[in-house]
Amino acid sequence: MNYSPGDIVQYENSDTHGIVIRKVPFKEVCDRADDGLLEYDIDEMFESYQKGGCYEILVNEKLEWFWSNAGLWNRQIGYK
């Protein structure tokens with residue numbers, strides 16, 4: 001699923017909401033994984049990124065990243 005900046009999303013079936021700030025560029029996703037010394041398959045990560053991407057959201061006054069294809073966040077219809 002693709003999101004746009006300003007979309008309000010809800011975490012699974014909880015009362016936790018967030019605001020989409022931006023779609024994180026693929027290079028930045030890879031750089032963050034490299035900085036954390038994480039081992040990953042670049043082809044698998046790119047395939048996952050193409051399915052929806054990685055987004056930065058503001059939740060409880062903190063910026064967090066989430067993968068849209070993980071299915072944990074749902075766009076709230078009627079909010080923008």
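Reader: What is the mean pLDDT of the chain?

Author: Keep in mind that this is a predicted model. Where pLDDT is low, the predicted coordinates should not be read in detail. Here the chain averages a pLDDT of 82, and 85% of the residues score at least 70.

Reader: Where is confidence lowest, and where is it highest?

Author: Strand β5, residues 73–75, has the lowest confidence, with a mean of 59. Strand β2 has the highest, at 92.

Reader: Now a helix. Which residues of α1 are buried?

Author: Helix α1 spans residues 26–35, and its buried residues are Phe26, Val29, Cys30 and Ala33. Look down the axis of α1: these buried residues fall within an arc of 95°, so they line one face of the helix.

Reader: Which residues are exposed on the other side of α1?

Author: Lys27 and Asp35 are exposed there.

Reader: What do the buried residues of α1 pack against?

Author: They pack against four elements: β2 (17–24), α2 (42–50), β3 (54–59) and β4 (62–67). Look also just past the end of α1. There Leu37 takes a positive phi of about 55°.

Reader: On to the cores. Which residues make up the largest nonpolar core?

Author: First the general idea. In soluble globular proteins, nonpolar side chains tend to be buried together. In this model the largest nonpolar core has 8 residues: Val24, Phe26, Val29, Cys30, Ala33, Met45, Tyr49 and Cys54. Helices α1 and α2 each supply at least two residues of this core. Helix α1 gives the most, with 4 residues. Apart from this core lies another, of 7 residues, including Tyr3, Ile57, Val59 and Phe66.

Reader: Why does Cys54 count as buried?

Author: Buried means under 20% relative accessible area. Cys54 has 1% relative accessibility, so Cys54 counts as buried. Cys30 is buried too, because its relative accessible area is 7%.

Reader: What is Cys54 in contact with, beyond its neighbours within four places in sequence?

Author: The partners are Arg22, Lys23, Val24, Val29, Tyr49, Trp65, Phe66 and Trp67.

Reader: How many disulfides are there?

Author: The test is a pair of cysteine sulfur atoms within 2.5 Å. The count here comes to 0 disulfides.

Reader: Last, the rings. How many aromatic pairs are there?

Author: The count comes to 6 aromatic pairs. Take Phe26 and Phe46. Their ring centres are 5.1 Å apart and their planes lie at 80°, so this pair is edge-to-face. The cut-off for that label is over 60 degrees. Phe26 sits in helix α1 and Phe46 in helix α2, so the pair ties together parts that are 20 residues apart in sequence.

Reader: Is Phe46 buried, partly exposed or exposed?

Author: Phe46 is partly exposed, at a relative accessible area of 36%. Phe26 counts as buried, because its relative accessibility is 17%.

Reader: How do Phe26 and Tyr49 pair?

Author: Their pair is edge-to-face as well, 5.3 Å centre to centre with 65° between the planes. Tyr49 lies in helix α2 and Phe26 in helix α1, so this pair ties together parts that are 23 residues apart in sequence. Both Phe26 and Tyr49 are buried.

Reader: Which residues do the ring pairs link into a cluster?

Author: The cluster holds Phe26, Phe46, Tyr49 and Trp67. Find Phe26 on your screen and trace the rings from there.

Notes
Residues are numbered from 1 along each chain as its sequence is written. Side-chain values use heavy atoms; hydrogens and water are left out. Buried means under 20% relative accessible area, exposed over 50%, partly exposed in between (1.4 Å probe, protein chains only). The arc is that of the directions from the helix axis to the C-beta atoms. Contact means heavy atoms within 4.5 Å. pLDDT is the predictor's confidence in each residue, from 0 to 100. A nonpolar core is a set of buried Ala, Val, Leu, Ile, Met, Phe, Trp, Tyr and Cys residues joined through side-chain atoms within 4.5 Å. Rings of Phe, Tyr and Trp (its six-membered ring) pair if their centres lie within 6.5 Å; planes under 30 degrees apart count as stacked, over 60 as edge-to-face and the rest as tilted.
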